[in-house]
Amino acid sequence: MSTNARISIGIAVAFAAVVGVLLVLNGRGDGGVQDAAAATDERLVRADSHRLNEAKDGKVTFVEFLDFECEACRAAFPAVEQLRAKYDGKVTFVVRYFPIQSHFNAERAARAVEAAAAQGKFEAMYRKMYDTQTEWGEQQVPADARFRAYAEELGLDVAAWEQKYNDPATLERIKKDVADGDALGVTGTPTFFLNGKKLEPKSIDDLVTSIDAELK
């Protein structure tokens, strides 16, 4: 079996559990992509947006609005990771925060990741949140101490991390992502955009086909 075939199968397995949720939360319709009439490049990708991968030619950009407490986002995470591997150097992958109000610790999780980003550890904390979601998600108890422990585990300057975590500017940064998502019509997570168009996938094949089409 080829490497690409193994990647496609792995993505399909990971993504299968989340496609139905995407269809419900984001009003999925006819597959493929949907024009985002109100979208602007700035609303999709700001200068301070976090880029997991960056393509030198800048031809194709994949944006995800996510919530670290969202089970559907965690289910999609392995698929996104495999897409990153498959399209490394060809597609820019961007992460935007979109914590859902009904998720008690979602905003705190976003603050924890943003505070880690200030020390160059965005991706490490981003991964940590999904790896540990079952430890702190779906609870009505603040996870501040647990997130602080994660900062220690990642070798961060914890005092500096904690200051950034509690800095109103950090929350304001997250709220700007949410405002952009609202303006773009994001109503649930995860929501994906490809070159300014909201993806409307019914299957993993739709997602891969959309990216391949943009790369041609």
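1. The model is predicted: local features need pLDDT of at least 70, side-chain atom pairs count only at pLDDT 80 or more, and totals for chains, interfaces and linings use all residues. Residues are numbered from 1 along each chain as its sequence is written, and side-chain values use heavy atoms, with hydrogens and water left out.

2. The protein chain has 10 helices and 6 strands; these are DSSP runs, helices being H or I of at least four residues and strands E of at least two, numbered from the N terminus. Of its 216 residues, 47% count as buried, that is, under 20% relative accessible area with a 1.4 Å probe, protein chains only. Among contacts (heavy atoms within 4.5 Å) with a separation of 6 or more, 82% join residues 24 or more positions apart.

3. The largest nonpolar core contains 45 residues. Such a core is a set of buried Ala, Val, Leu, Ile, Met, Phe, Trp, Tyr and Cys residues joined through side-chain atoms within 4.5 Å. Helix α4 (residues 106–117) gives the most to this core, with 7 residues. Apart from this core lies another, of 9 residues, including F65, V94, V178 and L184.

4. M129 belongs to the group with the most contacts inside the largest core, together with F62, F68, M125, Y126, F147 and W161. Leaving aside neighbours within four places in sequence, M129 is in contact with F68, A109, A112, V113, W136, F147 and Y150.

5. The axes of α4 and helix α9 (residues 168–183) come within 10 Å and cross at roughly 110°; axes are lines fitted to C-alpha atoms over the stretch in contact, with angles from 0 to 180 degrees between N-to-C directions. The two helices are therefore roughly perpendicular, a term for angles of 65 to 115 degrees. At this crossing, E107, A110, R111 and E114 in α4 meet T170, L171, R173 and I174 in α9.

6. N105 is found in the loop between β4 (92–97) and α4. N105 counts as buried because its relative accessibility is 0%. Not counting residues up to four places away in sequence, N105 touches E69, W136, Q139, V141, P142, A143 and F147.

7. E200 is found in the loop between β6 (197–199) and α10 (204–215). With a relative accessible area of 3%, E200 is buried. E200 and S210 are 10 residues apart in sequence and 9.7 Å apart in space, C-alpha to C-alpha.

Technical notes
Buried means under 20% relative accessible area, exposed over 50%, partly exposed in between (1.4 Å probe, protein chains only). Angles under 35 degrees count as roughly parallel, over 145 as roughly antiparallel, 65 to 115 as roughly perpendicular and the rest as oblique.
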